[in-house]
Structures are given as C-alpha cells and as structure tokens.
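Let's take a walk through this protein model, one piece at a time. Keep the picture open while you read.

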Amino acid sequence: FAPDLVFHDFPGTARAHRVIGRRKPYALWVHGLEVWPPGPRPDYARAIIGAKAVFANSQHTLDRLRLTVPGLANVHLCWLGTEHDDTASTEIAGVESRKNIVLFVGRNDEMFAKGQDILIAVWPEVVKRIPDAELHFIGGGTHLDHLRSLAAASPASASIRIFGALPDREVNALYGQAKIFAMPSEIEGFGLVYAEAMS
C-alpha cells in the first residue's frame with residue numbers, strides 16, 4: 001500500500017489503482033483486443049491515459065493502441081519472454097525426434113476466441129493426410145466442457161486429447177514432445193504461450 005511504483009498486468013486491474021495506489025505512479029501492460037479498434041472501454045482508456053508508462057507486447061498491439069488512444073507519450077514495445085530464455089541449452093531435441101502432435105495451450109473462456117474451434121474443424125483433413133497426428137489441448141476455463149463437446153463431435157475425435165489445466169512441469173514436457181504449436185487467436189497481439197513455445 002506504499003509503493004514507489006506499481007505495475008499492472010492489464011488495464012482492467014489498473015482501474016483499481018485510484019483506490020489501492022493512493023496517487024502513486026503506475027505502469028501497465030496492454031496485450032491485444034482490449035486496445036484494438038474500435039478502442040478500449042472508457043474505464044480502460046482512463047487507466048491507460050493515467051499510467052506513467054504503457055508496455056505493449058507486440059508491434060501490432062502498439063500500433064493499434066496509438067490509433068485508439070492517440071497522444072500517449074510514454075509507450076514502449078517490450079517483447080515477452082520466459083524464465084528459460086537466458087539459459088543456454090546444450091541439447092535441443094530435433095523436430096524429427098518429436099511426435100506428430102499439434103499442441104494448443106490456452107484458456108477456454110466465454111470469448112472462446114483463441115482458435116480452438118478452428119483447429120477442431122480442420123483436424124479431420126489433417127488426419128486424412130497424417131493418420132498418426134494428434135491434437136492436444138491444454139488449459140482450463142469456464143468453457144472446457146464446450147471444447148470437449150466440439151472434440152467429441154469431430155469425425156477425428158479419436159485423435160483429439162483434452163488435458164484441461166496441467167502443472168507447468170507437464171506442460172513443458174508436452175511442449176517438448178509436440179512438432180507444432182498452434183493457437184490461431186483472434187484477440188492477442190502476442191500471447192505469452194507463443195514465447196513459451198519458442199523457448
């Protein structure tokens with residue numbers, strides 16, 4: 001309650017700054033849809049305008065933010081990373097040693113806009129061409145049952161696995177087994193899972 005500077009991970013949480021920050025300076029992150037045209041909600045816009053600094057996780061989101069909230073002075077592009085990025089790896093498994101797994105990692109919430117339905121819709125065509133291919137979904141959320149029902153209705157349901165939420169150790173192991181990471185999201189400038197997958 002007595003910080004020199006507060007960082008908020010989202011304009012939504014920054015709205016509370018007037019109450020908890022007691023007029024201390026704050027900075028915040030913007031990630032995607034919340035600042036894309038037609039523009040942020042009025043309460044999000046107020047939080048963005050009031051920030052000492054704003055960090056965007058992709059050039060795409062930064063460009064859109066400048067369109068929807070013009071005149072911001074202290075805006076920065078800051079790529080996301082993981083705790084493994086500065087750790088040199090002497091042994092990286094080659095793609096040829098991995099299984100024919102396409103991996104999706106993300107929440108299943110009311111927006112359902114991360115591309116889960118797209119992946120399931122095209123999956124029968126993938127399996128026709130690569131019979132041993134598997135589509136794995138990791139992630140919990142309020143609409144996990146909806147994801148399960150879409151997968152069950154697919155003609156290729158036998159090759160679709162829904163894991164739900166998993167501990168980091170198990171997620172990392174699945175990243176290491178998959179040949180492809182896929183999350184055709186419509187709402188994010190650059191989600192953290194993309195950085196995790198690249199790492």
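This is a predicted model: local features need pLDDT of at least 70, side-chain atom pairs count only at pLDDT 80 or more; totals for chains, interfaces and linings use all residues.

## Strand β3 and its partners

Start with β3, which pairs with β2 in the parallel sense, over four bridges. One of the residues involved is tryptophan 29, whose bridge partner in β3 is phenylalanine 55. β3 also pairs with β4, again in the parallel sense, this time over three bridges. Here valine 54 has valine 75 of β4 as its bridge partner.

Which way do the side chains of β3 point? Ala53 and Phe55 go one way, while Val54 and Ala56 go the other way. Whichever way they point, all four names on that list are buried.

How does the chain get from strand to strand? Take β2, α3 and β3 together and you have a right-handed β-α-β unit. Then β3, α4 and β4 make a right-handed β-α-β unit as well. To check the hand yourself, look with the strands pointing away from you: in a right-handed crossover, the path from the first strand over the helix to the second runs clockwise.

## Helix α4 and its hidden side

Now zoom in on α4, which covers residues 59–68. Its buried residues are Thr61, Leu62, Leu65 and Thr68. Why do they end up on the same side of α4? They cover an arc of only 130° around the axis, so they share one side of the helix. There's a handy rule behind this kind of pattern: an α-helix has 3.6 residues a turn, so residues three or four places apart point the same way. As for what covers the buried residues of α4, the list includes β2, α3, β3 and β4.

Is valine 75 buried or exposed? Its relative accessibility is 12%, and because buried means under 20%, valine 75 counts as buried. Setting aside neighbours within four places in sequence, valine 75 is in contact with Val54, Leu62, Leu65 and Arg66. Valine 75 and leucine 65 are ten residues apart in sequence, and their C-alpha atoms are 9.3 Å apart in space.

## Helix α7

Helix α7 takes in residues 168–177, and its buried residues are Val171, Leu174 and Tyr175. They sit on the same side of α7, because they cover an arc of only 105° around the axis. What do these buried residues pack against? They meet strands β5, β6, β7 and β8, along with helix α8.

## A pocket by α3

The elements that give two or more residues to its lining are α2 and α3. Of these, α3 gives the most, with three residues. The residues lining this pocket include Arg15, Arg18, Arg23 and Arg46, and also His17, Tyr26 and Asp43.

## A proline in a helix

Last stop: proline 124, which you'll find in helix α5, residues 116–129. Not counting residues up to four places away in sequence, proline 124 touches Ser154, Pro155 and Ala156.

Technical notes:
Residues are numbered from 1 along each chain as its sequence is written. Side-chain values use heavy atoms; hydrogens and water are left out. Buried means under 20% relative accessible area, exposed over 50%, partly exposed in between (1.4 Å probe, protein chains only). The arc is that of the directions from the helix axis to the C-beta atoms. Contact means heavy atoms within 4.5 Å. Two strands pair if DSSP finds at least two bridges between them. On a 1 Å grid over the protein atoms alone, a cavity is a set of points where a 1.4 Å probe fits but cannot get out, and a pocket is an open set with protein on both sides within 12 Å along at least five of seven lines; lining residues have an atom within 4 Å of a point.
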